[in-house]
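This briefing goes through a two-chain model by topic. The sequence and structure come first.

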Amino acid sequence: MRKQRSSRPISQEQPAPRRERKMSRTRMAGRRQENRSQRRPRPRRSSLGAGLAVIAGRTAGALSRRLHLGGGTSIAGVVAQRVYPDIVEHLAGQLEYGSVIVTGTNGKTTTSSFISAILRDVGLRVWRNREGSNLLRGVASALVIRALPNGRLYRSGRAISIFEIDEATLPQIVPVIRPRVAVFTNLFRDQLDRYGEVNSVVAHWQRALQSLPDDATLVLNADDPSIASLGELFPGKTLYYGIEDRSLDLLAQGTAPERHQVIDTRTCPHCDSEFVYDVRFYSHMGHYRCAQCGLSRPHPDVYATHIQSDNFDRLRVQVASQGQQREIIIPLPGLYNIYNALAAITAALALDVSWDAITSGIEQSRPVFGRGERIQAEGRTVRLLLAKNPTGFNEVLRTLFSDGIPRHVLFVLNDNIADGRDISWIWDVDFERVAGQTRTLAVAGTRALDLALRLKYAGIEQSAMSIFPPTPLRAARSEMTTRRFSYARSARRRGGAATKTARASDQEQPGIQVQQGYGLKQAIDAALSQTPAGETLFVIPTYTGLLEVHRELEQRGLTPRYWEGRDA
Amino acid sequence: MTNPFTQPLTLTLGHLYPDQLNLYGDRGNILTLQRRCQLRGITLRVVGLGIGDALAPDEYDLLFIGGGQDKDQGPVAQDLYEIKGIGLWAAIEDDMPVLAVCGGYQLLAHYYRPADGPDMRGLGVFDAWTIHKGPQTSRCIGDVAISWNGSTLVGFENHGGRTYLGTAQPLGRVLKGYGNNAEDRTEGAVYRNAYGTYLHGSLLPKNPHFADHLLTLALRRKYGITHMSTVDEPESPDGLARADSAALHANGSSPLEMHDLEDRELLAPLDDRLEWAAHISMLERLGLHSAAAAALRSHKADPMVQRLRKAQ
C-alpha cells in the first residue's frame, strides 16, 4: 500500500533539468489531491487484484491487436474491469497531475488534442484515451495499457490525463476519475436513437455534476445556453468562454437568412420562453437572453474578440482574458474550431498554464484523426473532415463552401451503431449549400442511396454525382440473371472506369440503375481519379465511415495505423 | 420533364409547429413535397404555423405536423387543442390531406399518457391513444417497413409511447419493425385523408408514391375531379372517388395498382429511380426480398421508366 501522492503545483515540482527552460514559463498551481482523498473514503486497495487486471487487460489488448481483431482500443479495459472493477479509480488516482475530462456533442477530440498540445509544451506527460473509446472501458484501456503488472502506473510522475468522454457516460465516469477540470463544449442533437433527446443528455450531465469534486473547475461554453446553464448547479469555480466578434453573426455575414439552421435549444431552462438572440453564430450558439425572466449569456472569462482567416486552415484569433489580449493562430478551419481552441485555452488557464505555452501549444497542434487530417494519396491531398450530426455537418459544409471555390468531395454516410442507426438527420443538413459548388461529387457508405437522394432534393442533378452503394440490389441482380446477363460482372467491369455515362448503364439496367459502382474501395478510387493531381479531395464521412476510409488508406500504405504513432 | 398541365396549379401547405416539432429530419417531408410539385410546375407555398397562430382551414390544401422533444410537446399540445383544434377538425372533416408523424401523430389521437405526470390531451382525430409504459420498457427504435395500399412504405421509427387503435384504421401492417405498439403489427392510423404514422427517416423522400398520393388528394380536393379529367387519359369522375387508402389490401395487388394509375393521371410522372433504389435497398436490408422484388417490378412498370427506356 502506497500513500496516494498529491498533485503538486508544477512550480514546486523538482523539474527534470532538461525541462527547465519550459518550466520557467509555467506556473501551474496544482490542486492538492490530498483534500480530495480526505473527503472520499479511500477505496480498499487490492494491488494484487489491480495487478491481475492489468496483466489480463494488456494480454487481451495485445492479442486483439496481433490478431487484427481491431485497434485493441477498448478490449484491454473491458477485460481489466472484469477482473477488477475498481481498476479505473485505482489507476486514475495515481496520476500526479490528475485528470481533465472533455465532453459535449462536437469538438471533444479536437479540444482535447489542443489541451494536450498545450500541456506537452509545458513539459507534462499527457495521456489520452484513444479514438472511439470514450466510454468507461476506453478510459480503462487508456490507463491499463500504461500500467505495470504490480498495479502501478508506469511513469505516473508528471503525468496528466485528458479523457474525452461520451455524453451519456459522464455520470459513470466523473465519480471514478474525479477530474480537476471538466470541459463542456456544446450540445446538439446527435444520435437520437442512442442518446435520446437533447434534454435527456442535460439530465445526465446534471447528475454527473453532483459527483464532481468541489475543488474542480468547470469550463463551460457561454454561447451555448444549455451548456452555460450547467454553471448554476455547480458550487465550485466555473470559467466561461465565448466569442465576442459580432461580425461573425449569421446575418451580418451576409449568409442568406433562409439558410437552414438546426436549433436544438430554443427555450429558457427556467421559464420555457423562447430565447432572443442579439448575435447568432450558428445553430443556438450566440448571444442569447430570455426576455421573460432575464436569464442571459454569462459574460465569458476567456473570449475571442476578433477573428480573421488567413487561409483555409489558418485562423488568426485575438483572445482576451482578464484584461490581457493575445493573438493566437489556430491551424484548423472553421468557426467550430475557434470554440474548440477557446475551450482548450480556458482549460489550460484553469490549470494555471502560462499564455506562452498556450499560444505555442495551439499553434503547433496538428489536425487529429479525421478532424481536418491531411493525407497524401497518389499526388492528391486528401482531407478528412468528420461530420456526424446536423450541426457538425452544417459547419463543415459552411467551412468548405463559403468561399465559393468549387471542391472535389466524397461523402460517406454510414448507419452503424456508432454512427446512430437513424439517418433522418441528413434532411436537417443544409446540403442546398453544396449545389453548384462541387467540381466532382461522389457518395458512398451503407446509406449512400439515401444521401444521394438527399442531395438530389437539395437540387443537385443525379448525373452530377457518382453513387457507390455497398452492394447491388438483390432483386435487380436476380432479375438480370434470368435474362442471362451477369449484372454483377458488368458492375465490376464498370467499377474501374466509374465515369461511364449513366446513359450506358441505363441500357443495361433500365429502371433502377443509379450507381456507378459498389463499396467504399471503388468510391475512393473514383473520387481520387476524378480529382486532378495536385488538388485536394475533401472526404466527409460519418464516424464509422471515417474508420473505413482510414483503413482503406492504411491498406494502400498512405497513412499509419491509427492506433500506432499516436499519443506519442 | 413535361408538365401535362397548362393551368398553373398552386397548393398551400400548412406546416404546424416547424420550430417545436422538427426533431427527426421531418423537414425532408416538406422538401420532398416542394420539389415534387416544383418539377411538375405546381407552386407549393409552405406556411409555418407556430404557437398562437390560428388555423383557418380554407387557407390550406395540405397540412403537416412532425415530432419534437418531450419538453416542447406540452405547450404544443395545449396550443393544438385550444387554438388550432376547431380549424384542424373542420379541415379534416372536409377531407384535407394531413400527414402527422411521430409526436404529431400522438397529438392527433385521444391522449398521450406519460410514464409519470398527467395525461396530455390530444385532438381525438384518430380513435387511438398512446401510453408510455415507463423507462423499463424499451423504446421502439429501428428501421421499419409496412405494407400500404398494395405497396410498401419504409422508414425509421423511434418512439417510447405505444399507441393502441380503437376503431381507427391502421395506415398499414408491419412487415418488419415495431409499428404502433410492437404487439398487434399495426402501424399508423387513418381517418378520412388524415394519416398518422411513426415512420420518419424522412418518410416521403423514399416513399415517392405516398408523397404523390398526398399531393393527388390535395389537388383533387382543391381543383375538383372535372378539372383533373383534362389529363392524358380521361376517366369517369366516379372512378376517381377517393380511394379508401386506409383499407388494407393485404396481398391483392390489383386494386392497388388501379389506385396507382389514378394517381399518375393527376401528377406527371417523375424520374424516381433514385427514390426507388433507396426504397428497395431498405426493403432488402430488412430481409424483405419478395417485397423488394415486387417494388422493383411495379417501379419498372412505371410509365416514366418506360419512357426513359424508350428514350435510349
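Leaving aside its neighbours within four places in sequence, which residues is A168(B) in contact with? They are F126(B), D127(B), A128(B), A189(B) and Y191(B), where two residues are in contact if their C-beta atoms, placed from the backbone, lie within 7 Å.

This is a predicted model, in which local features need pLDDT of at least 70 and side-chain atom pairs count only at pLDDT 80 or more, while totals for chains, interfaces and linings use all residues. Residues are numbered from 1 along each chain as its sequence is written, and chains are lettered from A and ligands numbered from 1 in the order in which they are written.

**Chains**

- Chain A has 20 helices and 17 strands; helices (H or I, at least four residues) and strands (E, at least two) are DSSP runs, numbered from the N terminus.
- Chain B has nine helices and 14 strands.
- Of the 568 residues of chain A, 53% are buried; a residue is buried if 20 or more other C-beta atoms lie within 10 Å of its own, exposed if 12 or fewer, and partly exposed in between, with C-beta atoms placed from the backbone.
- In chain B, 53% of the 312 residues count as buried.
- Of the contacts in chain A with a separation of 6 or more, 72% are between residues 24 or more positions apart.
- For chain B, 72% of the contacts between residues at least 6 apart in sequence join residues at least 24 apart.

**Contact between the chains**

- Chain B gives 40 residues to the contact and chain A gives 32 residues.
- On the side of chain B that touches chain A, two or more residues each come from α1 (27–38), α2 (70–93), β8 (140–148), β9 (151–159), α4 (203–206), α7 (273–285), α8 (289–300) and α9 (303–311) of chain B.
- The largest share of this side, nine residues, belongs to α7(B).
- By type, the residues on the side of chain B that touches chain A are 16 nonpolar, 13 polar and eleven charged; Ala, Val, Leu, Ile, Met, Phe, Trp, Tyr, Cys and Pro count as nonpolar, Asp, Glu, Lys and Arg as charged, and the others, Gly among them, as polar.

**Helix α1 of chain B**

- Nine of the twelve residues of α1(B) are buried, so this helix is largely enclosed by the rest of the structure.
- The buried residues of α1(B) are R27(B), G28(B), N29(B), I30(B), L31(B), T32(B), L33(B), R36(B) and C37(B).
- The end C-alpha atoms of α1(B) are 16 Å apart, which agrees with the 16 Å that its twelve residues should span at 1.5 Å a residue; the expected span is 1.5 Å times one less than the number of residues.

**The loop residue A168(B)**

- A168(B) is in the loop between β10 (162–165) and β11 (172–176) of chain B.
- With 24 other C-beta atoms within 10 Å, A168(B) is buried.
- The C-alpha atoms of A168(B) and F126(B) are separated by 5.8 Å, although the two residues are 42 residues apart along the chain.

**Helix packing in chain A**

- Helix α6 (residues 108–122) and helix α12 (residues 335–350) of chain A pack at an angle of about 45°, with axes 8 Å apart; axes are lines fitted to C-alpha atoms, for helices over the stretch in contact, and angles run from 0 to 180 degrees between N-to-C directions.
- α6(A) and α12(A) are therefore oblique to each other; angles under 35 degrees count as roughly parallel, over 145 as roughly antiparallel, 65 to 115 as roughly perpendicular and the rest as oblique.
- The contact of α6(A) with α12(A) has eight nonpolar residues, four polar and no charged.
- Helix α4 (residues 75–83) and helix α7 (residues 136–144) of chain A pack at an angle of about 90°, with axes 7 Å apart.
- That angle makes α4(A) roughly perpendicular to α7(A).
- The contact of α4(A) with α7(A) is made up of six nonpolar, four polar and one charged residue.

**Buried positions in chain A**

- V549(A), in helix α20 (residues 543–555) of chain A, is buried, with 26 other C-beta atoms within 10 Å.
- Leaving aside neighbours within four places in sequence, V549(A) is in contact with L384(A), V412(A), L520(A), I524(A), V539(A) and P541(A).
- In helix α8 (residues 170–177) of chain A, the buried residues are L170(A), I173(A), V174(A), V176(A) and I177(A).
- Just after α8(A), R178(A) has a positive phi of about 50°.
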